[in-house]
Amino acid sequence: MPYALTHILAAIILIELFREYFAKNNKKFPRYYVLIAALGSILPDFDFALFYILSPFGFTLGQIHRTFLHTLFVPLILLLIGLVFWKLRINNKKLAIRHVKLSYTFFILSVGSLLHLILDVIFVGSIVPFYPLYNYSIGLNLVDTLPNQIQGIFLPTIDAILIII
């Protein structure tokens, strides 16, 4: 999988570009959303915490990582929660003071977690998008197609490029 830094920086860059060139109104789309996107982009890897909780019971990392949180259901559930909050006009007064809408927060968490899945599919390994309903696995695994000398430095190089951008 790409490093956590890759996930975070890709989300920050994409949401900031959206904020700058499409939203254009900084009051309607404050920078808090950029931080929320960064959190959403590492949300699928929270299964590592679950591994540390379940490892004393004999579970391995392979049994836990890239299972439930690396499915399309996570972004879909976050999107649906955002739609419910948006439709019912549910908001938090403390967030509203900062011009942050609860529905937008869930939309952006959904985008961040979907971006995580896309990066994992493109660069390293595969995901099972409909786990546990269907065991179909997808992944381009581009890092493995590179020469052996480059494979070890490719992901750190991506991180360095994203930091420079």
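A helix here is a DSSP run of H or I at least four residues long, and helices are numbered from the N terminus. That convention is handy for placing Arg 66, which sits in the loop between helix H4 (61-64) and helix H5 (73-87). Keep in mind throughout that this is a predicted model.

Let's start with the overall picture. The protein has nine helices and zero strands, so reading along the sequence gives the pattern α-α-α-α-α-α-α-α-α. The C-alpha trace spans about 50 × 40 × 30 Å along its principal axes. There are 165 residues in the protein, and 36% of them count as buried. If you take the contacts between residues at least 6 apart in sequence, 62% of them join residues at least 24 apart.

Now for how the helices meet. Two packed helices are described by the angle between their axes and the distance between the axes. Take H1 and H9 to begin with. Helix H9 covers residues 148-164, and its axis lies 9 Å from that of H1, with an angle of about 30° between the two. Angles under 35 degrees count as roughly parallel, which is why H1 is described as roughly parallel to H9. The crossing of H1 past H9 is left-handed. On the H1 side, the contact is made by Leu 5, Thr 6, Leu 9, Ala 10 and Ile 13, while H9 brings in Leu 155, Ile 158, Asp 159, Leu 162 and Ile 163. Sorted by class, the residues of this contact come out as eight nonpolar, one polar and one charged.

Next up is the pairing of helix H2 (residues 32-42) with helix H7 (residues 102-123). These two pack at an angle of about 45°, and their axes are 7 Å apart. With that angle, H2 is oblique to H7. H2 passes H7 in a right-handed crossing. The H2 residues in the contact are Tyr 33, Ile 36, Ala 37, Leu 39, Gly 40, Ser 41 and Ile 42, and they meet Tyr 104, Thr 105, Ile 108, Leu 109, Gly 112, Ser 113 and His 116 of H7. Here the split by class is eight nonpolar, six polar and no charged residues.

Which residues of H2 are buried? They are Tyr 33, Val 34, Ile 36, Ala 37, Ala 38, Gly 40 and Ser 41. These buried residues of H2 pack against H1 and H7.

His 7 is part of helix H1 (residues 4-23). Is His 7 buried or exposed? Its relative accessible area is 0%, so His 7 is buried. The side chain of His 7 makes a polar contact of 3.4 Å with the side chain of His 116. Leaving out residues up to four places away in sequence, His 7 touches Pro 2, Ser 41, Ile 42, Asp 45, His 116, Leu 119 and Asp 120.

Asp 45 has 12% relative accessibility, so it counts as buried. From Asp 45 to Pro 132 the separation is 87 residues in sequence and 17 Å in space, C-alpha to C-alpha.

The peptide bond from Tyr 131 to Pro 132 is cis, with omega near 0°. Where is Pro 132 found? Its place is the loop between H7 and helix H8 (142-145). Asn 141 lies in the loop between H7 and H8 as well, and its phi is near 55°, a positive value in a residue other than glycine. With a relative accessible area of 21%, Asn 141 is partly exposed.

Finally, back to Arg 66 in the loop between H4 and H5. Arg 66 is not a glycine, yet it has a positive phi of about 60°. What about its accessibility? Buried means under 20% relative accessible area, so Arg 66, at 14%, counts as buried.

How values were computed
Residues numbered from 1 in each chain as written. Predicted model: local features only at pLDDT ≥ 70, side-chain atom pairs only at ≥ 80, totals over all residues. Heavy atoms only, no water. Buried < 20%, exposed > 50% of the residue type's maximum accessible area, 1.4 Å probe, protein only. Polar contact = N/O pair within 3.5 Å; in protein donor to acceptor, adjacent residues only side chain to side chain. Contact = heavy atoms within 4.5 Å. Axes fitted to C-alpha atoms, helices over the stretch in contact; angles between N-to-C directions. Parallel < 35°, antiparallel > 145°, perpendicular 65-115°, else oblique. Left-handed = near helix turned anticlockwise from the far one by under 90°. Nonpolar A, V, L, I, M, F, W, Y, C, P; charged D, E, K, R; others polar.
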